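The following note is intended for a colleague who meets this structure for the first time. Please read the numbered points alongside the sequence and the model.

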Amino acid sequence: MSLQMTNKILIVDDEMDTCLALSIYLQSEGFTCSLAADGSMAMQMLLKERDFSVVLLDICMPQLDGITALKLLQEANCDAAVIMMSGQGSEELAVECMRNGAEDYISKPFSPEDILQRIERARLNRLARLDKLRLEQEKEDFILMLSHDMKNPLTAVIGSIDIVREGCLGAVNPEQKEYLLAAIDSCNEVVTMIDNLLDIRKFEAGKMQMIPQPYLATELLGKVTGQFARVARHDGIALSVNLSPDDDMIAVDRHSFNRILGNLLGNALKFTPEGGEITVSSAQVFGHDAHTLGIPPSVTIAPLFFTPGRFIRIAVSDTGNGIPEDELNHIFERFTQVAKKSGREKGGAGMGLAYCRLAVESFHGVIWAESRAEQGSDFIMLFPCE
Ligand SMILES: Nc1ncnc2c1ncn2[C@@H]1O[C@H](COP(=O)(O)OP(=O)(O)O)[C@@H](O)[C@H]1O
Ligand SMILES: [Mg+2]
């Protein structure tokens, strides 16, 4: 039997009669019970033997009361499910217990059936909670595996192909070059996917390190867009830039900004058929509030956008499939791809836009999508000017 399936219960109550009566009943129901007369004794037992599945914790006790013990248990990462028991039950007290991590709350006196039912439910909830934690740990391990075991060899593959492509190992004809470039593009797509995933995790763990510095927006935009010119030509798509003459500074991390734009352009290329057009544009805009800036009401924005200010508006527009109205917000969530004309059949894992949103917001910007059904999409970003 695994530790998780333990049927050990700790009963904590300063009234010994209650403790004993409860333990006799619960043992008759197949549980193994231990008793503690106050909070500090309970803490000692719980921290020493970590295999209790449920704690029945009285609230009013001498020395260490139940609420304090509950808080200490949470801090110590004790994974037992705690059911609080109180003689002077009140709604506020119950709420406080739940807020501090209790699984359940019961007022004394209670019937044996009632407590038994709550214990069963608490055990099930605890198992579900532990299962979720285990899954999260597995996910974490998998992501680490991705970063080390997949990204590094892939970068090496790109390097090797590039050496051949450059003709360092002998002459390469134009057709061969074309194939080698396509191989590099595909590898880079996977690297981008891994980078997106890893960075989303870093953002979530609060470990993302950005070094925002002021850059001329047009310079940043021109460079990245230029990098996509070859692929666009290859796909028969017209890629143009239409940059603001008012050259303004925005404070961003250069590497991250390139990745944001790279994701947006990568999507635009992916979802625009041959013969289509993609435009990257920028303009200076003055806003007084979210409405004058054209931010749709459904987009959550920082207070900054409710006050007058100068912003750079950057848009990546395409003449592709478009995005259904009801999906416009969801596509920024992780692993989300529009059901029908999904990116899945075109590759991708639905993480690019999630990365974009986290990164744009870290630069105090906002990003949203607009779409004309079947006629193309606009991805719009606003950044405060420096
Ligand atoms: N320019 C676009 N045109 C049409 N649909 C798009 C466009 N950009 C994104 N989408 C939709 O949003 C989804 C999520 O995009 P993204 O997060 O970059 O993931 P991925 O590219 O891996 O599918 C895509 O799968 C697609 O359904
Ligand atoms: Mg994408």
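1. Five strands form an open sheet in the order β2-β1-β3-β4-β5, with parallel pairing. Its edge strands are β2 (32-36) and β5 (104-107), each of which pairs on one side only. From one strand to the next, the twist averages 20°. Two strands pair if DSSP finds at least two bridges between them. Helices (H or I, at least four residues) and strands (E, at least two) are DSSP runs, numbered from the N terminus.

2. Basis of the model. This is a predicted model, in which local features need pLDDT of at least 70 and side-chain atom pairs count only at pLDDT 80 or more, while totals for chains, interfaces and linings use all residues. Residues are numbered from 1 along each chain as its sequence is written, and chains are lettered from A and ligands numbered from 1 in the order in which they are written.

3. Strand β3 (residues 54-58) pairs with strand β4 (residues 81-86) in the parallel sense, over 5 bridges. V55 has V82 as its bridge partner in β4.

4. Helices α2 and α3. Helix α2 (residues 39-48) packs with helix α3 (residues 66-75) at an angle of about 20°, their axes lying 9 Å apart. The angle therefore makes α2 roughly parallel to α3. Axes are lines fitted to C-alpha atoms, for helices over the stretch in contact, and angles run from 0 to 180 degrees between N-to-C directions. Angles under 35 degrees count as roughly parallel, over 145 as roughly antiparallel, 65 to 115 as roughly perpendicular and the rest as oblique. The crossing of α2 and α3 is right-handed; a crossing is called left-handed if the near helix is turned anticlockwise from the far one by less than a right angle, and right-handed if clockwise.

5. The contact of α2 with α3. On the α2 side, G39, A42, M43 and L46 meet G66, T68, A69, L72 and L73 in α3. By class, the residues of this contact divide into 6 nonpolar, 3 polar and no charged. Residues are in contact if their C-beta atoms, placed from the backbone, lie within 7 Å. Ala, Val, Leu, Ile, Met, Phe, Trp, Tyr, Cys and Pro count as nonpolar, Asp, Glu, Lys and Arg as charged, and the others, Gly among them, as polar.

6. Two local backbone features. Q63, although not a glycine, has a positive phi of about 60°, and Q63 is found in the loop between β3 and α3. The peptide bond from K108 to P109 is cis, with omega near -10°. P109 lies in the loop between β5 and α5 (112-165).

7. Domains. The domain assignment of the chain gives domain 1 (3-110), domain 2 (135-204) and domain 3 (213-384); such bounds come from an automatic or database domain assignment. Between domain 1 and domain 2, the C-alpha centres lie 52 Å apart.

8. Helices α5 and α6. The axes of α5 and helix α6 (residues 174-204) come within 9 Å and cross at roughly 155°. The angle therefore makes α5 roughly antiparallel to α6. In this crossing, which is left-handed, α5 passes α6. The contact of α5 with α6 contains 18 nonpolar, 3 polar and 5 charged residues.

9. An open sheet of 5 strands has the order β7-β9-β10-β12-β11, here with mixed pairing. The edge strands β7 and β11 (366-372) each pair on one side only. Neighbouring strands are turned by 20° against each other on average, direction ignored.

10. Strand β7 (residues 238-242) runs parallel to its partner, strand β9 (residues 277-287), over 5 bridges, and L239 has I278 as its bridge partner in β9. Antiparallel pairing over 10 bridges links β9 to strand β10 (residues 309-318), where F286 stands opposite R310 in β10. A further 7 bridges join β10 to strand β12 (residues 376-384), again antiparallel. The bridge partner of S317 in β12 is D378.

11. Helix α9. This helix lies across β9, β10 and β12, running at about 30° to β10. Helix α9 (residues 254-270) also packs with helix α10 (residues 352-362) at an angle of about 145°, with their axes 9 Å apart. The crossing of α9 with α10 is left-handed. Among the residues that meet are I260 and L264 in α9 and Y355 and C356 in α10. This contact has 7 nonpolar, 5 polar and no charged residues.

Technical notes:
Contact = placed C-beta atoms within 7 Å.
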